[in-house]
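Subject: Structure handover

Hello,

My notes on it come after.

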Amino acid sequence: MFSTPFAKTLAVIAVAIAILCGFVYLGFKPRYGPPDESKRLTHPAGFSIVEPAQWIHDPLGIFDGDTTRDYSIGMIEKKSAGMPASIAVTRLAKRPSQTESTEPNDTFQNAPAWKNARQRRKTTVTTFYFQSGDQWFSIIYDGPPTLPIADMMPYLNTFRFDHSGNATVAPTTRP
């Protein structure tokens, strides 16, 4: 089939590159399908978000009022090859100081938002600060390079807040 050793070596290299490209493609493919509404986590304070498949909500993920936060939902990847990704959705007790002296630099759900991304050792932490009705929220995504924020935005965009007056209900149990 191959007339020279050079042609044979070239063919082996081409096959190896094709296999490597396939592994890279599969390795960086989004891990999760579209959000499934049956996995929606609803906080008694009136906000909710869809939890990705194969994630668990953190039993320590509900916090009650201090000076910076009001209520929170936390979730984390159940299984991960490296550092697990996490999402925290928090209703803030007051307007965050990060938003007071600057204009919004991004949007979240087609509304003005303040976005901050910082690189940690093995992950990137992206925080969105935004207002829904008269309430302030933050959504923090902490994820590895293999699960970029773009892959998780369909889940972050499932955030909802019930503006019907439920916002003052204190959480007493896990949602």
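This is a predicted model: local features need pLDDT of at least 70, side-chain atom pairs count only at pLDDT 80 or more; totals for chains, interfaces and linings use all residues.

Residues are numbered from 1 along each chain as its sequence is written, and side-chain values use heavy atoms, with hydrogens and water left out.

Overall make-up

The chain contains two helices and ten strands; these are DSSP runs numbered from the N terminus, with helices being H or I of at least four residues and strands E of at least two. In sequence order the pattern is α-β-β-β-β-β-β-β-β-β-α-β. Of its 175 residues, 34% are buried, where buried means under 20% relative accessible area, exposed over 50% and partly exposed in between (1.4 Å probe, protein chains only). The chain exposes about 10,500 Å², and carbon and sulfur atoms supply 59% of that area. Accessible areas come from the Shrake-Rupley method with a 1.4 Å probe; for residues, only the protein chains shown count as cover. Among contacts (heavy atoms within 4.5 Å) with a separation of 6 or more, 52% are between residues 24 or more positions apart.

The sheet

Three strands form an open sheet in the order β1-β2-β10, with antiparallel pairing; two strands pair if DSSP finds at least two bridges between them. Strands of a sheet pair through backbone hydrogen bonds, either parallel or antiparallel. The edge strands here are β1 (40–42) and β10 (160–161), each of which pairs on one side only.

β1 is joined to β2 (residues 47–50) by three bridges, and T42 stands opposite S48. These two strands form a hairpin with four residues between them, and G46 in the turn has a positive phi of about 105°. Towards β10, β2 has two bridges, and S48 has R160 as its bridge partner there. Both faces of β2 are covered: F47 and I49 on one side are buried, as are S48 and V50 on the other.

The aromatic rings

Rings of Phe, Tyr and Trp (its six-membered ring) pair if their centres lie within 6.5 Å; planes under 30 degrees apart count as stacked, over 60 as edge-to-face and the rest as tilted. The count by this rule is eight aromatic pairs. One of them, F108 with F128, is tilted, at 5.3 Å centre to centre and 40° between the planes. F108 is in β6 (residues 106–108) and F128 in β8 (residues 124–132), so this pair ties together parts 20 residues apart in sequence. Both F108 and F128 are buried.

F130 and F159 make an edge-to-face pair, because their ring centres are 5.2 Å apart and their planes are at 80°. F130 lies in β8 and F159 in the loop between α2 (149–156) and β10, so the parts tied together are 29 residues apart in sequence. F130 is buried at a relative accessible area of 3%, and F159 is buried at 4%.

Ring pairs link F47, F108, F128, F130, F137, F159 and F161 into a cluster.

Regards
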